[in-house]
Every structure is written in C-alpha cells, then in structure tokens.
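Please look over the sequence and the model shown here.

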Amino acid sequence: MPERAGRPNLIEARGLTKRFGSFTAVDNVDFDVAAGEAFGFLGPNGAGKSSTMRMIGCVSPVTEGKLLVLGRDPAVHGAEIRARLGVVPQEDNLDNELTVFENLLVYGRYFDLPRSVLKPRIDELLDFVQLGDRRDDRTEPLSGGMKRRLTIARSLINEPELLLLDEPTTGLDPQARHVLWDRLYRLKQQGVTLVLTTHYMDEAEQLCDRLVVMDKARIVAEGSPRELIERYSTREVVELRFPAGTQESVAYRLDGIATRTEVLPDRVLLYTDDADATVAAVHRRAVVPENIVERRSTLEDVFLRLTGRSLVD
Amino acid sequence: MEASRTMRVVESRLLTYKRTWRFGVTTSFVNPFLFLLSMGVGLGSIVDKSTTSASTLHGVDYLTFLAPGLLAATAMQVAAGEATYPVLASVKWNPVYRGMLATPLSVGDLVAGQVTWIGIRLLQATTVFLVVMGLFGAIESPLALAAVPAATLTGLAIAAPICAYSASIERDTGLSTVLRFGIIPMFLFSGTFFPISQLPTALQWIAYFTPLWHGVDLCRSLSLGTAELLPSIGHVVYLSTWFVVGTWLAAKAFAKRLIL
C-alpha cells in the first residue's frame, strides 16, 4: 500500500477471531488501518462486521489472534484506548430522558472532561451536526436522522483520533443519508481516521479510501473501491430484464456476448468493457428484453462475483 | 473500578433524576406521612386498647412501634423501584449502559455507580422519613439518627441482588414476579406491622432469613433505644453480606449481558 507509506497503523489485526460458543462470528481475519484513512468493512448482515467493530471498540474480548488499537492491546488497556476512540453504534443508545445538550454533557463527563471545556465544545459540535436549534429539546422525539447526527456529535466529544461507525446510515431516508455522508466527509478532510461498516455499496464507494469485503466471517477481498472493481469486475454492466418466465429460454442465446454473464432470478447481467457494443450485439442476436440498463460496475458487482450472492437481500 | 468514574455514573443518574426530583421528594414525604397517619395513629388507636399489646410491642404505643419498621420497609420499596425498571430499561429499552461502556468506564464503574446512586436515593428518602417520624413524636431515642444509615444499608442489601436479576432478564414480567413474590411478602411478614413472634414457627424462620427483618429489627431497636451491641453487629454483618454478594452478582450479570 504505497499511499499509506510513512503513516502509522492505528489498527492492526492478525488472525483475529471471535467465537460465541460454537458459532464463529469472525474467522481469522487480517487487516491494518493507517492514520488518516477512511476504511470500510463491506458485507451483508451477519458477515461479522459488527463483531469486528466491537472488538476494535474494546467492548468485546478477542477470542483468538492479535489485535492492536492505537498501538495497544484492548485486553490490557481497554479504558485507555476507549478514551481516544469515538463510537457510533449500530443501535442508537442516546439517553432519551435527557436533552440534546445533556446527552453530550453527560457523555463528555464519562471521559473526565471538565464542564468548562465541554460547554463551548458541545455548542460547536451541535452546529457541526446542524442541531444547534434543538440544543435544549428532549432527545426522544428527534427523527432517526437527527438522532444519528447527535450520536455522531457525541462520538466526537473527546476529540477522538479514531472514529468507529457501525452501519451509520442504516434505516435513514436518502436525504438524511446524504447529510450524514457530507458530515463524515468533512471529518475525513479534517484528518479524523474513519472505520465504518456498511452493507450499502454506494456508502462504501462514497466514503472509503480502502475497504475489505466480508462474507461469512471472513475477509474475501481487500483494496480501494476502484481497485476492487478493476480486479473483480469489468468497467461496465448491461442489465437485461425479461418478461417473467421467459428469461431461461433466451439466456443461452447470450452465450459469449460478454466477458462474463450472471443470470439472477429477476435479470441477466452482462459484464463488459463497452456497454454500447454489447447492447448492439444483443440486438444483432434478436434478443428483445423488456428493459435494458447500461451502467458502471459497482462494489455490488464485486460482491456478486466474490460470493455469488447480492449484498442486500 | 475508579472512584472518579463511579461518580460520573452517579452524575448521569442525578441529571435524569433532576427532571422528576420534585415528584420524588414529595412522595418520599407524603407517603410516610399518610402511612403513619392511617396505620400508626388510626389503626394504632385500636391496637393500643388491647391488653396484651404493651408486652408484644416492647412497651410502646403502636405508632412508635410501627414507625421504624416502616422506615426499613420504605427503604426496601425505594430500593426495589430503583433496581428494577430503571436497570432493565438501561440494558434493554433505552440501552444507555452500552453507550457508557464505549467510554473509559468499565462494567465495575457502571455497577458501582448504579449502586452508589441507589444509596444516595435511599439516604434521601430515609432522612425525610425520620423527619416525619419526629413530627409524629414516634422517636424514643437519639440513637434513631443511626436508623438512617441502617435503613439505607437495608435498602442496598435488597437492591444489589435485584440489580443483578434485572440486568439478566429479557421481559419485564420478571420484575412483577420480584415485587409479587419478594417485596410484598417481605413487606407484610418481616416484622414491620407486628412482631414476627406472632407468626407460626416455620414462618418465623423464613422471616429471620429475609434482609428486611434484620433491617426492621435494627431500625426499631435504634429508634426505641433498646439496641444492643452484638445483635446490632449481627444485623449489619448479615445485611452487608447481602449487599456485597448482591453487588458481586450484579457485576457478573452486567458483564454477561453487556460484554459480548
């Protein structure tokens, strides 16, 4: 990884494994996260992303393997490491009985920060996440997007070196997701190291410099979004949709038309470096789909190639 | 576990309590007042006419007999209130404990903070109760001042194991079981309203094992000025054992639930 040269690793995992009884949630994974990078775990639900995040967050003991966070061992220095982390959990755990301001105040106190430091910092953070006008409102009635933003503000209260975000935009509407991405992008530009899990390929593409694809507790690929697409997919994709029940009967007529053909239950994907030429070839073979879409390859295609399954079921 | 971190947890509970403290203080004053008025003065006026009451009630009127017992029982009620729903809510419905554990706080800090907070609530409620007892003239000895820490210890002895239980269950039906089969029977049969010598022998033995009986006997002997050193030490040791073992169990239960 030449672009990471000279920057220290904030996280190092070797043979990292997490078992719950006989169930293996994370199976022998290796990865490094360098300072200043935005690193992602992409994979479907149940792939082991959250278990990995909880081990990094020093709230879940490592079953086997080596893990260093900020150069330290979570089993020995959990509290010291957590003092320098920011965590946005998958499930909101704001105190619903407190106001927006009080949530941040109480949380800052857990880090032993004095009130005189916290008060101005809270107002800055509330401005940053665009919740300044809700400062003294109860937390309970806030919308899902606002609660996520408040949770992000809360995670920044100790000015962390490393920010862990577990499925930061799951369950949010598209507009709220874009607001959140914008804020995370700004943090990244300020030099905060981001580690996030997601099962949204667009989120991974937007935010991550580098990511690992996880499936069934293992890491199946690693690289930048662009590298992964180049390595595991073609530049472009043609999607063909056929009337229900007729797809099987035409699929054989598409043989050899593209670099790779993927027959899904509801459509046929043709992987190609030149979508226009492929569409022309489809027409020449007198195949008439109901609908044709030409698009760029995405991480979704990478995932399909690597696992034979879609990311979001 | 660090003292400063324990206090951070207490701070957060205090901030939540601030929202409802007026209600809390009012009930901790009004409840004893109503109880002492109806049971102590009202029911007491009938009890005191009985010819045998003087010997069974340590030679005092019913109000004076009842008040320190109710002090201990009130501590139990406050303890049960703080150790049931708020604890289950904080692991389940509004999982603030999880958020706390993402900070430098440890499970030990969390349990210590939660238990300390319950102790503070108990000190507050039992102090108010003692004041009300004084207003009713139901105190016989200056030793009664020691009944405040005694009742607080009683509450903690009961709260700690309940915290452990609340942190380990999935549904709140388990909490009503605690109230129905633990708190209410103890309230009725641990010597608060009548001496347990009035119970059948088998039930007397059960009563001896309840933390509340030890709390009632200790508070009563202090309030009446009849406390003797050895039995008092015995009560304190017994209640402290419940408290220490209960807190240890709570730490186990919290860790099991929150550290996956």
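A:Arg260 stands opposite A:Tyr271 in E12(A). This is a predicted model, in which local features need pLDDT of at least 70 and side-chain atom pairs count only at pLDDT 80 or more, while totals for chains, interfaces and linings use all residues. Residues are numbered from 1 along each chain as its sequence is written, and chains are lettered from A and ligands numbered from 1 in the order in which they are written.

Strands (E, at least two residues) and helices (H or I, at least four) are DSSP runs, numbered from the N terminus. Strand E11 (residues 260-263) and strand E12 (residues 268-272) of chain A run antiparallel and are joined by four bridges; two strands pair if DSSP finds at least two bridges between them. A:Glu262 has A:Leu269 of E12(A) as its bridge partner. Four residues make the hairpin from E11(A) to E12(A).

Both strands belong to an open, antiparallel sheet of four strands in chain A, ordered E11-E12-E10-E13. E11 and strand E13 (291-296) of chain A are at the edges with a single partner strand each, so one side of each has no neighbour in the sheet.

Turning to the chain contact, 23 residues of chain A are in contact with 21 residues of chain B, contact meaning C-beta atoms, placed from the backbone, within 7 Å. Helix H2 (74-82) and helix H3 (100-110) of chain A are the elements that give two or more residues to chain A's side. H3(A) supplies the largest share, five residues.

Methods: Two residues are in contact if their C-beta atoms, placed from the backbone, lie within 7 Å.
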